[in-house]
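Here is a friendly walk through one protein model, written for someone who likes to have the residues at hand. Please keep the viewer open as you read.

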Amino acid sequence: MSAEEIEKAGELLGRVSDIFSSKVVGQHDLKRALMVGLLTRGHILIESVPGLAKTTAAQTLASAVSGSFRRIQCTPDLMPNDIVGMQIWNQATAEMTTQLGPVHANFVLMDEINRSSAKTQSAMLEAMAEYQTTIGGVNYPLPQPFMVMATQNPIEEEGTYVLPEAQMDRFLLKQVITYPQPREELEILTRIESGQMAKPATGEPISIEELVGLQDTVQKVFIHDTLKGYIVDLINTTRGSGPVPLPAWANHVRVGASPRGGIALMRAAQAIALLEGRHFVVPDDVKAMRYSVLRHRIIRTFDALADNVSVEGLIDAVFNAVPVP
């Protein structure tokens, strides 16, 4: 990669970051996760209590890159056709016409995805994996780029359908966000009182073509073979093997990360390197998104859950055990 490419990428990413910050106060971890998902063509699962600007963040990100945005509020009676689309009878033309569903957008927010039924969840996950929908036997490609931001509320279980662990593996990242700091909440109140939150986001958005160029640039970020080996060792350690197997690991972890976990660690590290203005990956880039990449890919045993062993603690144990190249 040339210095000009790095400089151009930095300028475009700076514009996206400025627009995001003009509408969303704080939530730096969420911003970084969304930027990584944006650059790597990945989907993101966001877990938090209500009222932490998840919808605002998704809308702002879409506007920052000139993309179309759709929000789907999930309910138990939501059907796959409600999100994918359907064929309807057109009485004027006396023929069936296809009406595309809200999933046909650049950015789709699946709000409270765990409130939708398993059939609807599987239809959405199929669209995420195949980048197309099938209506009446005809395939309709989704617009590119295509990114799903799904949210789930961890404090309510009544009337929910928990995503199976194997299906959560389809998400590049699982980001857990918490309450803002008091000074950030004060800034939120100040912006609302002044009317700033109701105004359009400031700054010049980048184009879809420029976003696609950024996504192509991320794949050019250099990652040395030793770092790829480091990632493989980390993933194998989550499975109970690796260069330094952790004692009694099987007592805490039932299933380790899949090969998707290694791919996600590598892609996220490349995106972090570009966000930092570098054309090469360093070990700290691999560590930067470790919780978001692995927390939904390490399945704890019943004993670990009963003893309240945190998945973040298990991830730290893996990274502490594997030698850094």
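## About the model

This is a predicted model, in which local features need pLDDT of at least 70 and side-chain atom pairs count only at pLDDT 80 or more, while totals for chains, interfaces and linings use all residues. Residues are numbered from 1 along each chain as its sequence is written, and side-chain values use heavy atoms, with hydrogens and water left out.

## Helix α2 and its partners

Let's start with helix α2, residues 28–40. Helices (H or I, at least four residues) and strands (E, at least two) are DSSP runs, numbered from the N terminus. Helix α2 packs against helix α8 (residues 208–218) at an angle of about 85°, with the axes 7 Å apart. Axes here are lines fitted to C-alpha atoms, for helices over the stretch in contact, and angles run from 0 to 180 degrees between N-to-C directions. The two helices, α2 and α8, are therefore roughly perpendicular; angles of 65 to 115 degrees get that label, under 35 counts as roughly parallel, over 145 as roughly antiparallel, and the rest as oblique. On the α2 side, Leu 38, Leu 39 and Thr 40 make the contact, and on the α8 side Leu 211, Leu 214, Gln 215 and Val 218 do. Contact means heavy atoms within 4.5 Å. By class, this contact has 5 nonpolar, 2 polar and no charged residues. Ala, Val, Leu, Ile, Met, Phe, Trp, Tyr, Cys and Pro count as nonpolar, Asp, Glu, Lys and Arg as charged, and the others, Gly among them, as polar.

Helix α2 also packs against helix α10 (residues 259–275), at about 110° and with the axes 9 Å apart. These two are therefore roughly perpendicular to each other. Arg 32, Met 35, Val 36, Leu 39 and Thr 40 of α2 meet Arg 267, Ala 268, Ala 271, Ile 272 and Leu 275 of α10. The residues of this contact divide into 7 nonpolar, 1 polar and 2 charged.

## What is buried in α8

Which residues of α8 are buried? They are Ile 208, Leu 211, Leu 214, Gln 215, Thr 217 and Val 218. Buried means under 20% relative accessible area, exposed over 50%, and partly exposed in between (1.4 Å probe, protein chains only). The cover over these α8 residues includes α1 (3–23), α2, β5 (107–111) and α10.

## A pocket and a cavity

The second largest pocket has a volume of about 390 Å³. On a 1 Å grid over the protein atoms alone, a pocket is an open set of points with protein on both sides within 12 Å along at least five of seven lines, whereas a cavity is a set where a 1.4 Å probe fits but cannot get out; lining residues have an atom within 4 Å of a point. Grid points are joined across faces, edges and corners, and a volume is the space filled by probe spheres set on the points. The pocket has 21 lining residues, and Arg 41, Gly 42, Arg 170, Leu 172 and Arg 260 lie nearest its centre. Helix α10 gives the largest share of this lining, 4 residues. By class, the pocket lining has 10 nonpolar, 5 polar and 6 charged residues.

How many cavities of 30 Å³ or more does a search of the whole structure find? It finds 1, and the largest cavity has a volume of about 40 Å³. Its lining is made by Gly 37, Leu 38, Arg 41, Gly 42, Phe 107, Pro 145, Phe 146, Met 147 and Gln 215.

Thr 151 sits in strand β8 (residues 147–152), and with 1% relative accessibility Thr 151 counts as buried. Among the residues that Thr 151 touches, leaving aside those up to four places away in sequence, are Ile 46, Lys 54, Leu 109 and Asp 111.

Ala 304 belongs to helix α13 (residues 302–306) and also counts as buried, at 1% relative accessibility. Beyond residues up to four places away in sequence, Ala 304 touches Asn 251, His 252 and Val 309.

## Backbone details

Most residues other than glycine have a negative phi, and most peptide bonds are trans. Gln 144 and Pro 145 are joined by a cis peptide bond, with omega about 0°; Pro 145 lies in the loop between β7 (138–141) and β8.

Tyr 131 has a positive phi, near 55°, and is found in the loop between α5 and β6 (132–135). At 28% relative accessibility, Tyr 131 counts as partly exposed. Ala 248 has a positive phi of about 55° too, and is partly exposed with a relative accessible area of 45%.
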